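Please keep the sequence and the structure in view while reading the points below.

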Amino acid sequence: MSVATSSSGSPALSGPSAVRAEGPWTHRDVAANGARFHIVEAGEGPLVMLLHGFPQFWWTFRHQLTALADAGFRAVAMDLRGIGGSDRTPRGYDPGNLALDVTGVIRSLGEPDAALVGHDLGGYLAWTAAAMRPKLVRRLAVCSMPHPRNWRAAVLKDPRRNTSGHIWGFQRPWLPERRLTADDAALVGRMVREWSGPNRPDEEAVDAYRAAMLIPSTAHCSIEPYRWLMRSMARPDGIQFYRRMKRPVRVPTLHLHGSLDPVIHTRSAAGSGQYVEAPYRWRLFDGLGHFPHEEDPMAFSAELVNWLRDPEPDR
C-alpha cells in the first residue's frame, strides 16, 4: 500500500483512498445486519473470513489474503463496523451485534459457513460468533485474544494488571478520540510499535493505520466496543452476554499467541480451551508480540493454512 505523507513525514491520506489499496484482490461493499461493510477478497474455494483488531483495519491481513488464496481458499477480510470503508453507525458496537455483522456478511456472500480468523477485537468477535451462530462457523482461529469469559475473569481478578491500560483510558468521554487523532494519529503508530516484538510491522503499514484512523468518526467507533466491554460488566446486558458465552464452541479451534504480547498476557489467553468441545490446538509464537500475523507473516500463514487443510486436527 502506498500511503502519501506530508512534509513532516506523517500520513496525508484520510479518506477512502486510505483503505482501498490496489493489489491481487477485489474491493466491494456488501449489506448485512442493517449496515454496509467494505470487504476485500481473493481466491476461490472454502470461505475464510479475516477479522482485524484495534487499531487496524483489513490491511493487517494483507499477507494472509494472498497466502490463503494461493492455498485454494476464498479469503475475505472485512472492515468491522465503524472502521475502514464500512459504515459508521451511531450505535451497534456491543459484541453480540458486531458478531451478527460477521455472520451477516457470510450470508451476504452466499456461503453456507466460513472459517473465522480473528485478531484482537476480531478474535473476541470470532469467539462470540462461534457461540451465537454455530451453524455458520466451520472452524475458528483466534490470535491474541482469550475466550470472552477468560478475558472477563482476568479483568475481574486483577483489573490493572490483566487489562492493558489503553482500555481503561478509553472509558473517558471525548478525550480518547482526540488523543487517537492528534498529530496525525501519532498514538496509533506508537501503539503498533510498542505492542510488537522485535519484528515490528513495517512503517508503510504503520502509516496506513494512522491514515485510516484519521477518517472522520473512526476514532470514536473504534473505541465504542471497548467502552461497552468495561461499562457493561455489572449491567444486565453484560451479564446476559457473558452467560451466553458459556455455550461451548463445537468446531475445531486454533488458538495463536505471541510469547511477548504486552497487551494480552499469555497467562490470560491460556486456558480458553475449556470452552471448546472440539479439537483445540494452542500455538505460542516465541519472540513475537501482539501482531504475529504481521511480525512473522510466513510462519503465521503456514500454521493457519496447514491447520485449515488438516481434515482431522488433533487436540
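In this predicted model, helix α1 passes helix α13 in a right-handed crossing. Helix α1 covers residues 62-70 and helix α13 covers residues 297-309; their axes come within 10 Å and cross at roughly 40°. Two packed helices are described by the angle between their axes and the distance between the axes.

**Helix α1 with helix α13**

- On the α1 side, the contact involves H63, Q64, A67 and L68.
- On the α13 side, these residues meet P297, F300, S301, L304, V305 and L308.
- Sorted by class, the contact of α1 with α13 has seven nonpolar residues, three polar residues and no charged ones.

**Helix α4 with helix α10**

- Helix α4 (residues 148-157) packs against helix α10 (residues 236-244) at an angle of about 130°, and their axes are 9 Å apart.
- Helices α4 and α10 are therefore oblique to each other.
- The crossing of α4 past α10 is left-handed.
- Residues P148, R149, W151 and R152 of α4 make this contact with F241, Y242 and R243 of α10.
- The contact of α4 with α10 consists, by class, of four nonpolar and three charged residues, with no polar residue.

**Helix α7 with helix α8**

- Helix α7 (175-195) and helix α8 (residues 203-213) pack at an angle of about 140°, with 8 Å between their axes.
- That angle makes α7 oblique to α8, because roughly antiparallel applies to angles over 145.
- Helix α7 passes α8 in a right-handed crossing.
- From α7, the contact is made by L180, T181, D183, D184, A185, A186, V188, G189, V192 and R193.
- From α8, the contact is made by E203, V206, Y209, R210 and M213.
- The residues of the contact between α7 and α8 divide into eight nonpolar, two polar and five charged.

- S222 belongs to helix α9, which covers residues 218-231.
- Is S222 buried or exposed? With a relative accessible area of 4%, S222 is buried, because buried means under 20% relative accessible area.
- A polar atom of the S222 side chain lies 2.8 Å from the backbone oxygen of T218.
- When neighbours within four places in sequence are left aside, S222 is in contact with F54, I83 and M213.
- Q171 is placed in the loop between α6 (165-169) and α7 (175-195).
- Q171 also counts as buried, at 17% relative accessibility.
- Which backbone oxygen does the side chain of Q171 reach? The side chain of Q171 reaches the backbone oxygen of Y226, at 3.3 Å.
- Beyond neighbours within four places in sequence, Q171 is in contact with Y226, R227, M230 and R231.

**Backbone features**

- Most residues other than glycine have a negative phi, and most peptide bonds are trans.
- A cis peptide bond, with omega about 0°, joins F54 and P55.
- P55 is located in the loop between β3 (47-51) and α1.
- N33 is not a glycine, and its phi has a positive value near 50°.
- N33 sits in the loop between β1 (26-32) and β2 (35-42), and at 34% relative accessibility N33 counts as partly exposed.
- D120 likewise is not a glycine and has a positive phi of about 55°.
- D120 lies in the loop between β5 (114-119) and α3 (121-132), and D120 is buried, with a relative accessible area of 4%.

**A loop residue and its contacts**

- P248 is found in the loop between α10 and β7 (253-258).
- P248 and A131 are 117 residues apart along the chain, while 6.5 Å separates their C-alpha atoms.
- Not counting residues up to four places away in sequence, P248 touches Y275 and E277.

Methods: Residues numbered from 1 in each chain as written. Predicted model: local features only at pLDDT ≥ 70, side-chain atom pairs only at ≥ 80, totals over all residues. Heavy atoms only, no water. Axes fitted to C-alpha atoms, helices over the stretch in contact; angles between N-to-C directions. Helix = DSSP H or I, 4+ residues; strand = E, 2+ residues; numbered from the N terminus. Left-handed = near helix turned anticlockwise from the far one by under 90°. Contact = heavy atoms within 4.5 Å. Nonpolar A, V, L, I, M, F, W, Y, C, P; charged D, E, K, R; others polar. Buried < 20%, exposed > 50% of the residue type's maximum accessible area, 1.4 Å probe, protein only. Polar contact = N/O pair within 3.5 Å; in protein donor to acceptor, adjacent residues only side chain to side chain. Parallel < 35°, antiparallel > 145°, perpendicular 65-115°, else oblique.
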